[in-house]
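Dear colleague,

Please find below the structure that I am handing over to you. My notes on what was found in it follow directly after.

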Amino acid sequence: MTALSDVEAGTLDAPHQRLFGRIGGPLPLVALTIDTAVVLLAGLAAVLGRQSTHLFADDGGDLASNLVVVGPLAAVGWLLLIYLTGGYRADVFGAGTDEYKRVLLATIYAAGLLGIGCYLTRFPLSRGFYFLLFALGLPTLLLARLMLRRAIHSARRRGGLRQRVLIAGSPAHVDEITAILSRQPWMGYHVIGALTPPTHLDEETPAGVPVIGNVDDVAMAVEHGVDVLFFAGGTNTSAKQMRRVTWQLEHDSIQVVVAPSLTDISRGRIRLRPIGGLPLVHIDPPTWHDASRLGKRSFDVLGSLIFLILGAPLLAGSALWVKLHDRGPVTFRQRRIGRDGQSFDCLKLRSMCQDAEERLADLHESSGHENGLFKLKDDPRITRPGRLLRRFSIDELPQLVNVLRGEMSLVGPRPPLPSEVRDYDEDMVRRLHVRPGMTGLWQVSGRADLSFDEAIRLDLYYVDNWSMLQDISILFRTLGAVLRSRGAY
């Protein structure tokens, strides 16, 4: 096998090389360096704040002794507790909330131990210094970790800081895992090949992943300098064989990952319970029924009222522009399918010419469109006002009325056309368990740039894994998607 390029091997160019290369260490060392700087700056800010704030002028503590004794002990202890709680483990960087939880937990321990220690030793701890140290230090630590994560994600998208991955399994399972990893480039997994069963004699999987060996030959992982060995379905590997694999690789710093045949299930629905040395994965039921309850509906009503009030001037001005442009109707009503298959008129500001529907069949024929939602990047039917309205999703503001009526939700699957629903298979029908949304995972993941199958997959993920926190997150991410105008046409 040919050697990887410098980028594939994990070296970086430009700003990412400066960020990670100059520090000269792996991510844990980078994080430790950043945390040290943050804690020292928080201590300095606490001292200056204690001196300049009259609120803490008479808190019973001697600032000089606090600075000489408590300051160094607090800084070292704080960093040590982050280490002991696993805040510098290599596997916490880049994904999940564990990294932030560990920093938060370590900070709580540090604040508690410092306060208790000073109380037991009768040390005159300055309350102002103590309060400012942690009040400023904790959010700054979390913000620094967030910025580090974003730098890691950016570096991985550019081809750096990636782990070389070998996937063992049947060709179908190998391709499935590869597709999932390729959709998330920020995770930093670079698939270099596959190990397939002896009965598979092809040099590549159907999706084009090169086959470099047999599932029983884990030495190939060492030979090719792999960082992670994935075991997917179809390996027929027994528990005894799996244990021997981990023994064979224990001295080569190769991480072994078992990828069960579970996709599009949120972390909140998965619980791992080891019983007798056997790790059992428990999967909670889908949560779509929770999306139909009073809490989400109340959130929709209140949110839509607030957005209507705040957006009224913009909506009125846009409506006037549409009217003055060609003297046609301001709004466009299109039949869509909502919750439980109920149809409704989806409202939008008109962004196309008045005979847009009559010209649709010709555009279908000329573009070769067959099924799914029709989107054309340079649609000749879009008016001059319509281009700007679509770019920033202003044309969708009237859908807030649909939300108030209970026909739509602020967040949910994309509202489908009746023609789309007629072609739904059994899986796709699950999209209709909840109200369609003005925005959703499809909106913040590329909008019209997504394929029909990918949009369906995101909608099904939303339905099965609904949570109020996810709705709030999607609303905030929608703002960024709208401002970037990605996939808006």
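A polar contact here is a pair of N or O atoms within 3.5 Å; within protein, one of the two must be able to donate a hydrogen and the other to accept it, and residues adjacent in sequence count only if both atoms are side-chain atoms. In that sense, the side chain of Thr478 reaches the backbone oxygen of Ile474 at 2.6 Å. The side chain of Thr478 also makes a polar contact with the side chain of Thr439, at 2.7 Å.

Please note that this is a predicted model, in which local features need pLDDT of at least 70 and side-chain atom pairs count only at pLDDT 80 or more, while totals for chains, interfaces and linings use all residues. Residues are numbered from 1 along each chain as its sequence is written, and side-chain values use heavy atoms, with hydrogens and water left out.

Thr478 lies in helix 16 (residues 468–484). Helices (H or I, at least four residues) and strands (E, at least two) are DSSP runs numbered from the N terminus. Thr478 has a relative accessible area of 11% and is therefore buried; buried means under 20% relative accessible area, exposed over 50%, and partly exposed in between (1.4 Å probe, protein chains only). Leaving aside residues up to four places away in sequence, Thr478 touches Thr439, Gln443 and Val444, where contact means heavy atoms within 4.5 Å.

As for the chain overall, there are 16 helices and 11 strands. Of its 489 residues, 43% count as buried. Among contacts between residues at least 6 apart in sequence, 72% join residues at least 24 apart. The accessible surface comes to about 26,200 Å², and carbon and sulfur atoms account for 60% of that area (Shrake-Rupley method with a 1.4 Å probe; for residues, only the protein chains shown count as cover).

Turning to the strands, two of them pair if DSSP finds at least two bridges between them. Strand 1 (residues 163–168) runs parallel to strand 2, joined by six bridges, and Gln163 stands opposite Tyr189 in strand 2. Strand 2 (residues 189–196) is largely enclosed by the rest of the structure, because seven of its eight residues are buried. Strand 1 is also parallel to strand 4, with four bridges; here Ala168 stands opposite Phe231. Strand 4 (residues 228–231) is covered on both faces, with Val228 and Phe230 buried on one side and Leu229 and Phe231 on the other. Strand 4 pairs in the parallel sense with strand 5 (residues 255–258) over four bridges, and Leu229 has Val256 as its bridge partner there.

By contrast, strand 6 (residues 270–275) and strand 7 (residues 278–283) run antiparallel and are joined by six bridges. Their hairpin has two residues between the strands, and Gly276 takes a positive phi near 60° in it.

Helix 9 (residues 294–326) bends by about 60° at Gly311, and Pro313 follows within four residues. The bend is the angle between axes fitted to the seven residues ending at a residue and the seven starting there. The buried residues of helix 9 include Lys296, Arg297, Asp300 and Gly311. Just after this helix, Arg327 takes a positive phi of about 60°.

Finally, how many disulfides does a search of the whole structure find? The search finds zero, a disulfide being a pair of cysteine sulfur atoms within 2.5 Å. Cys118 counts as buried at 8% relative accessibility, and Cys346 counts as buried at 4%.

With kind regards
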